[in-house]
Structure formats: C-alpha cells, structure tokens
Amino acid sequence: MDTSLWAQIFGDATSGPNGPAVARVLDDTDASEQGLRAVVFTQTDFKGERQILAPGRYDIGDLTLPDNSISSVLVSKGLKVTLFEHGGFSGESAVINSDIGGVGADLRSKVSCVIVEKL
C-alpha cells in the first residue's frame, strides 16, 4: 500500500510505517467507525477523480463518480470490495482485497456498483 497516497487522501495522522493507521476492528465494532475505507478512482494508478467509500452497498445512484468510470481501487486492510459491471449488483464482478492500480480489462471503465465489506 502506498502510504504517501493514503496520507494525501486522509491526512498525515492516518498513515504510519505499516500503512493507514486504523484501530483494531473487533467483531462487534462497525468498520466505518474504525476509519476503514475504500477509495475508487476514475483512472488507473489511483489517479483522476475519486470517491471515498465506507462499508456499504453503492448502486449507480449512490456513487458520485460517473457510471462506468472506476479504474483503480485502494482498500483498507480488513475490507473487501466487490465491483459489479451493471446496476443492481449484476453482471461481471470482481472481488478485491488489496490495492489494485488497474481493475482489469473485463471491468475497467465498466463498473456501475460497488459493495465494501468488512472481512
């Protein structure tokens, strides 16, 4: 994980030598309260417009980025992100457990929905 990129997005206080400084998540603690986030970008290599996503389900209307524009994803440790090609969480999908600078040819610039979940 590129800690300098996390520092730019979340501020210096959230990064440390081992990546984003997030409190340990307990089974009975909501991940969003612990600062766990995913960040989706419109361009590869974590560039372009971005949207920060707490754990949850994001259909087309819930995303602030244009439809079919997500090309790279940063993922906090302890989360998984599922990308879907079509609205309603349908079509081709991919599960991402760590940062990915390019979502792959099958989904690049085709993502319409995202689910962010605590592992």
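This is a predicted model: local features need pLDDT of at least 70, side-chain atom pairs count only at pLDDT 80 or more; totals for chains, interfaces and linings use all residues.

Reader: How many bridges join S7 to S8, and do they run parallel or antiparallel?

Author: There are 5 bridges between S7 and strand S8, residues 90–96, and the two run antiparallel. They form a hairpin with 3 residues between them.

Reader: Which residue in the turn has a positive phi?

Author: That is Gly88, with a phi of about 75°.

Reader: Back to Val81. Which residues touch the most other members of the largest nonpolar core?

Author: Val81 is one of them, along with Ile70, Val73, Leu83, Val114 and Val116; the core has 20 residues. At least two residues each come from S3, S6, strand S7 (79–86) and strand S9 (113–118). S7 gives the largest share, 3 residues.

Reader: Why would such residues sit together?

Author: In soluble globular proteins, nonpolar side chains tend to be buried together.

Reader: What is Val116 in contact with, leaving aside its neighbours within four places in sequence?

Author: Val81 again, plus Leu79 and Lys80.

Reader: New topic, sheets. What is the order of the strands in the open sheet?

Author: The order is S4-S3-S6, 3 strands with antiparallel pairing. Strand S4 (47–53) and strand S6 (72–75) each have a single partner strand, so they stand at the edges and one side of each has no neighbour in the sheet. From one strand to the next, the twist averages 20°.

Reader: How many bridges pair S3 and S4?

Author: 5 bridges, with S3 covering residues 38–43. For example, Val39 has Ile52 in S4 as its bridge partner.

Reader: Now Ser71. Where is it found, and is it buried or exposed?

Author: Ser71 lies in the loop between strand S5 (56–58) and S6. Its relative accessibility is 3%, under the 20% cut-off, so Ser71 counts as buried.

Reader: What does the side chain of Ser71 reach?

Author: The backbone oxygen of Thr42, at 3.3 Å. Not counting residues up to four places away in sequence, Ser71 also touches others, including Phe41, Gln43, Gly101 and Arg108.

Reader: Last one: what is the mean pLDDT of the protein chain?

Author: The mean is 79, and 71% of the residues reach 70 or more. Residues 12–29 have a pLDDT below 50, although that stretch has 28 contacts in the model beyond near neighbours in sequence.

Key. Residues are numbered from 1 along each chain as its sequence is written. Side-chain values use heavy atoms; hydrogens and water are left out. Two strands pair if DSSP finds at least two bridges between them. Helices (H or I, at least four residues) and strands (E, at least two) are DSSP runs, numbered from the N terminus. Axes are lines fitted to C-alpha atoms, for helices over the stretch in contact, and angles run from 0 to 180 degrees between N-to-C directions. A nonpolar core is a set of buried Ala, Val, Leu, Ile, Met, Phe, Trp, Tyr and Cys residues joined through side-chain atoms within 4.5 Å. Buried means under 20% relative accessible area, exposed over 50%, partly exposed in between (1.4 Å probe, protein chains only). Contact means heavy atoms within 4.5 Å. pLDDT is the predictor's confidence in each residue, from 0 to 100. A polar contact is a pair of N or O atoms within 3.5 Å; within protein, one must be able to donate a hydrogen and the other to accept it, and residues adjacent in sequence count only if both atoms are side-chain atoms.
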